[in-house]
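Trainee: Could we go through this model together? I would like to start with the charged side chains and then move on to other topics.

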Amino acid sequence: MASHKRPVRVGGASGGFSDRVRAISSLAKNEDVDVIVGDWLSEMTMTIHGSGKQRTLKQLSAKSQQFGQLNLEQQLQTAMFAENFMDCFEPAIDDLARRGIKLAVNAGASDTEVLAKLVLQKVQAKGHDLKVAWIEGDEQTDNVRRLIKHGETFESLMHGRKIQDWPNEIVCAQCYLGGLGIAEAFRQGADIVIAGRVADAAPAIGAAAWWHGWNQSNLDELAGSLVAGHLIECGAYVTGGYMSSFKDLLRQRKHVNLGFPIAAIDHLGQCVITKEQNTGGCVTVDSVTSQLLYEIQGPMYYNSDVVAQLEGIRIEQIGDDQVTVSGVRGLPGPDTTKVGISGFAGYQAEYHIYLCGLDLDEKCQYAEEQIRYELGEERLKKFTCLQFTRNGDCPVDPRNQDVATVDLRIFAQSRDRELLNMRNPEGFFRISMVNFLMSCPGASLGNDTRLAEGKPFYEYWPALLPQSAVTHRAHLLYTPSGGGQNVIDIPPPTNTAKHLRQQPSYDTNSPVDLAAYGETVRVPLGTIVLGRSGDKASDCNVGFFVRESPNNEIWEWFRSALTVTKIRELLGPEECAKFGQWAQQPSQITSLSAGHLANGHTTEPAKKKAKVSGATNGASHDVMRIDRFEMPHVRAVHFLLHDHLDRGYDSCSTYDTLGKNCCEYLRSKLIDVPKKFLEYARI
């Protein structure tokens, strides 16, 4: 029998630029890990860093200078990498070196080489000889512009429009690289690998592929490591953060200082998830399933190295804070990779009015109609988006004034900078303000009006780019042993399949008779159902699951009850019709974006949407498309709400910019639940 290396232990140190600074240092000092990985990027930071980098290059070009001709200190003055990464990294240098722990992160953003050189400088300043490498290939701005000139349409992954129909000026573009460049850097002796926009799970794929000696043909193994990377990429999200059963942690007093996760990935790609010792949080079937359901798009989880087929996945508790994950199947990776294109869309501003007590619908109507009147028809035409949204409601006999107070948010976007200039007496804010002294009773302006000053905003356009068009390389900032090359080309996969823009979608097979479960009680869905939601650009994904039950009776009821039709019903007509721009004719997209919301609903008739069918089980609807699939071994049903988040985080006009609230909204909706389930399955 062939012998295999033990599992590689990979610590997840960051779920984003806002995560806790201590993570790398704590894992390196106190935990038994071989590699530490971390994610510092998002669609928002890609736009911030990418646009900043392009601005720097433009300014240098005006002076007949090139960025590469500057010395490191000069480059650092305008470098666009995740600056707070250094706050996390520097305290960990000694322990990384002492214990021989490798590090792979995507904090390089739009200046990966600069960050790698800074990391090397800091390592050497502490007297260590750690080898540093960096990954090239994600920067695609010039390439995208060139391809568009040659006729490439870059159809949006969200709604299928061609980029030629997009009115925005392209500012920057980055593609998502896989993990095999990181693996190759490790094979060549690197201790630290700095990447830019590799996929969130790519550092974990790279760590496992290096450790176990995998190549492009090890599809099941790579797919397993992709899922392991997905589970730990968001830090504490898999150790109790954002968990619907959070009250369990609260009762146990484990809700503070949630531990960072560790994935032990074996030679088959299966993994065991644990966490830091002596920390809060938990690793349970609930916590791991919650993170599994987060930000996936369907039964096939795409990465440029491999596709993970998720329907057969299994998650089992094997000990305290120990969960094993298996059953993932690998499929050939796509011949394309995702590219995120950011475009300048104009300026946006907002301000808030606080209202209180009775007659809130009428008070919101009063304020909105006054403001619209003063703005006038000509100014109103200059807005690409103007929304009046009420947040909250006053309960009957409120216990105090705060809970009786609601927020009326006035949100505006326009390509006209002067319209959103706070100091312009003919602008949005000043014109709106003249209504304040003749407004409805109790109306109070928020004290901080800084958001009312127009700021630039961008829109994000995700599309596909052929992997053959990407120059993927690993750069070694040292001479490798044996005198090899210090720039290594990473070839694209050769065994590939086409990226499916429409993933399989279905209602359940052989549904049970819901009446067979007896008497029902109308309660919130979340009384017995857990879940998590998130975003991918303007798509919102929502996954639900239930716990084990005798004879799997709750699962059988749950999979049969939670159909696409039921989700539409729970969402309600206002949510279903709010956006879904993908179904519009091209000439209608701007008109819908400029729709106005008051009290949570449109106050002007929206243009009629195109009737669509296909992923909605053959039904034809005038509302957004919803996809559905199941993962029976983890008792989960997943829904994808297409284009539900109004263009995505960078330009979203709603409160739920990242889709994280959607699941909790749906869990609060009433549904008929068999009474006997409530006797033992309340969450």
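Trainee: Is Arg 98 buried or exposed?

Mentor: Please keep in mind that this is a predicted model. In it, Arg 98 is exposed, and its relative accessible area is 57%.

Trainee: Which side chain does Arg 98 meet in a salt bridge?

Mentor: The partner is Asp 95, with an N to O distance of 2.8 Å. Asp 95 counts as buried, at 12% relative accessibility.

Trainee: How many residues apart are Arg 98 and Asp 95 in helix 5?

Mentor: They are three residues apart in helix 5, which spans residues 93–99, so about one helical turn separates them.

Trainee: And with which residue does Arg 197 form a salt bridge?

Mentor: Arg 197 pairs with Asp 200, and their closest N and O atoms are 2.6 Å apart. Here the arginine is buried, as Arg 197 has 2% relative accessibility, while Asp 200 is partly exposed at 21%.

Trainee: What about Lys 536, which side chain does it meet?

Mentor: Lys 536 meets Glu 295 in a salt bridge, at 3.3 Å from N to O. This pair connects distant parts of the chain, 241 residues apart: Lys 536 belongs to strand 23, and Glu 295 to the loop between helix 12 (285–292) and strand 9 (300–302). Glu 295 is buried, with a relative accessible area of 10%.

Trainee: Which residues are linked in a network of salt bridges?

Mentor: Asp 248, Arg 251, Asp 286 and Arg 547 are linked in such a network. The count for the model comes to 37 salt bridges.

Trainee: Changing topic, how many disulfides does a search of the whole structure find?

Mentor: The search finds zero. Cys 88, for instance, is in no disulfide, and the nearest cysteine sulfur, in Cys 234, is 15 Å away.

Trainee: How many bridges join strand 23 to strand 24?

Mentor: Seven bridges join them, strand 24 being residues 539–545. Gly 534 stands opposite Asn 541 in strand 24.

Notes: Residues are numbered from 1 along each chain as its sequence is written. This is a predicted model: local features need pLDDT of at least 70, side-chain atom pairs count only at pLDDT 80 or more; totals for chains, interfaces and linings use all residues. Side-chain values use heavy atoms; hydrogens and water are left out. Two strands pair if DSSP finds at least two bridges between them. Helices (H or I, at least four residues) and strands (E, at least two) are DSSP runs, numbered from the N terminus. A disulfide is a pair of cysteine sulfur atoms within 2.5 Å. A salt bridge is a side-chain nitrogen of Lys or Arg within 4 Å of a carboxyl oxygen of Asp or Glu. Buried means under 20% relative accessible area, exposed over 50%, partly exposed in between (1.4 Å probe, protein chains only).
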